[in-house]
Amino acid sequence: MRPRILGAIVGIALLAVTAMAIPLAIRLGNDERGQSIARLERTAAATASRVPDRIGPGTALTLPDPASDGDLAVYDANGIRRAGEGPALADPVVVRALAGHTNSGTAGASLVVGVPIVRGLRVIAAVRVSEPIAVTDSQVRRQRVTIVLLGAAAIAIAILVGLAVSSALARPLRRLRTAATRLGQGDFGVRAPRSGIAEVDDVARSLDDTAAQLGELVERERTFSAHASHQLRTPLASLRLAVEAELARPRADPSMALEEVLAETDRLEGTINDLLLLARGTAERGPVDPDAVARSAERRWHGGFASVGRPIRVRSQGDAGSIVQASRSALDQILDVLLDNALQHGAGVVTIFVRSAGEGGVVIAVDDEGAGITGNADAVFTTTAQGGHGFGLPLAAALAHAEGARLRLAHAGPHPVFELTLR
């Protein structure tokens with residue numbers, strides 16, 4: 001990239017210098033020629049003022065020395081040189097001057113100016129002044145050398161600016177490349193440095209967002225992979241119980257047992273699909289009725305609690321009818337974790353309580369009549385088996401966080417209470 005940026009800057013500078021230098025050189029050359037002609041005309045005019053009113057064969061004339069290595073001569077009305085140095089007879093420039101026109105031209109390697117001498121409305125003579133064209137050309141060459149040197153300096157400055165700009169642009173891009181390489185190697189905590197260049201910083205922010213999203217996705221998949229067995233254990237246990245119960249006491253119509261097994265199989269399949277969607281972050285989110293979620297969980301777990309002689313019930317506060325935006329699958333999995341935890345480690349009646357949390361929020365609480373949790377209560381969401389509780393709770397906390405909700409242990413016990421707060 002640096003060679004392309006440098007080439008573009010130098011190319012533009014070269015084009016600009018060329019576009020300005022050529023017309024400038026031509027203009028300065030013309031101006032120098034014009035100045036030379038003007039200088040010769042002034043010399044001729046000064047000489048004409050010294051010429052007497054009559055010029056003849058015996059007229060004595062004293063002419064000044066030309067300022068440059070040139071010729072100065074006076075010609076009478078017949079075109080014959082009467083004084084000075086120059087052609088013996090009038091050349092075309094002198095002829096036009098004798099006709100009353102100040103004019104200029106070239107004669108060989110000289111620049112020639114002719115000026116008429118007028119006395120009383122009559123041209124009596126003409127002054128011819130010449131100087132080598134090399135005098136003017138040397139001035140033009142010096143000017144052109146100056147232009148070339150200035151152009152070369154401009155190109156050199158453009159090269160230095162191009163090197164600085166290309167380095168300034170390449171440096172943050174190299175850092176972005178390094179950050180992208182680290183991200184590709186699995187370093188999701190990488191953050192691209194800022195350069196102060198708006199466009200490059202936009203790319204850096206996008207890379208940071210991508211790294212954060214990938215890190216969250218990978219962490220979610222790791223968490224779900226670590227705790228998926230816990231979520232699958234309950235439907236597998238129900239499936240096993242259904243099969244063992246039928247084997248222990250076969251019924252006359254096996255279709256009933258098969259239907260129960262099929263129902264448990266469907267539940268297991270649904271749990272697997274939900275976990276996959278949640279792990280990939282592709283679970284559908286939409287309006288969800290928390291009261292309906294609680295009652296659905298009560299129906300799913302009624303048989304499990306009834307088998308051990310424990311009741312499960314749902315209570316709703318009168319104004320807890322708010323609809324929340326969430327993933328139904330995630331809420332089902334969170335409640336399954338909490339209810340399975342109450343079934344395995346709690347005691348007595350299990351209550352799912354739905355109430356308003358203010359500002360449109362809703363709280364779904366799960367409590368039982370067990371002894372509660374001992375030790376560090378906050379650790380149940382990061383480690384397993386705190387006082388007999390905690391299996392699956394890290395997964396439930398991760399699901400809640402992904403939904404923008406909060407899962408906390410409101411009361412450690414006795415009679416422990418877990419609260420899921422939905423916005």
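User: How many bridges join strand β4 to β5?
Analyst: There are 10, and the two strands run antiparallel. Keep in mind that this is a predicted model.

User: Where does Gly-114 sit in that pairing, opposite which residue of β5?
Analyst: Gly-114 stands opposite Arg-128.

User: How many residues lie between β4 and β5 in the hairpin?
Analyst: Two. One to look at is Gly-120 in the turn, with a positive phi of about 60°.

User: What about β1 and β5, parallel or antiparallel?
Analyst: Antiparallel, with six bridges joining them. Leu-72 faces Val-129 of β5 there.

User: Is β5 mostly covered or uncovered?
Analyst: Mostly covered. Strand β5 spans residues 122-132, and eight of its 11 residues are buried.

User: New topic. How many residues are in the largest nonpolar core?
Analyst: It has 39. Phe-305, Leu-338 and Phe-381 are among those with the most contacts inside it.

User: Which helix gives the most to this core?
Analyst: Helix α7, residues 328-345, with eight residues.

User: And what is Phe-305 in contact with, beyond its sequence neighbours?
Analyst: Leaving aside those within four places, its contacts include Ile-312, Leu-339, Ala-342 and Val-350.

User: What about a second core?
Analyst: A separate core has 16 residues, including Ala-48, Val-74, Ile-124 and Val-127.

User: Which residues make the nonpolar surface patch?
Analyst: Ile-157, Val-161 and Val-165, over about 230 Å². Val-161 belongs to helix α3, residues 133-184.

Technical notes: Residues numbered from 1 in each chain as written. Predicted model: local features only at pLDDT ≥ 70, side-chain atom pairs only at ≥ 80, totals over all residues. Heavy atoms only, no water. Core = buried A, V, L, I, M, F, W, Y, C linked by side-chain atoms within 4.5 Å. Buried < 20%, exposed > 50% of the residue type's maximum accessible area, 1.4 Å probe, protein only. Helix = DSSP H or I, 4+ residues; strand = E, 2+ residues; numbered from the N terminus. Contact = heavy atoms within 4.5 Å. Patch = residues over 30% accessible without salt bridge, like charges linked within 9 Å, V, L, I, M, F, W, Y side chains within 5 Å. Areas by Shrake-Rupley, 256 points an atom, 1.4 Å probe, with all protein chains shown as cover. Salt bridge = Lys/Arg side-chain N within 4 Å of Asp/Glu carboxyl O. Pairing = 2+ DSSP bridges.
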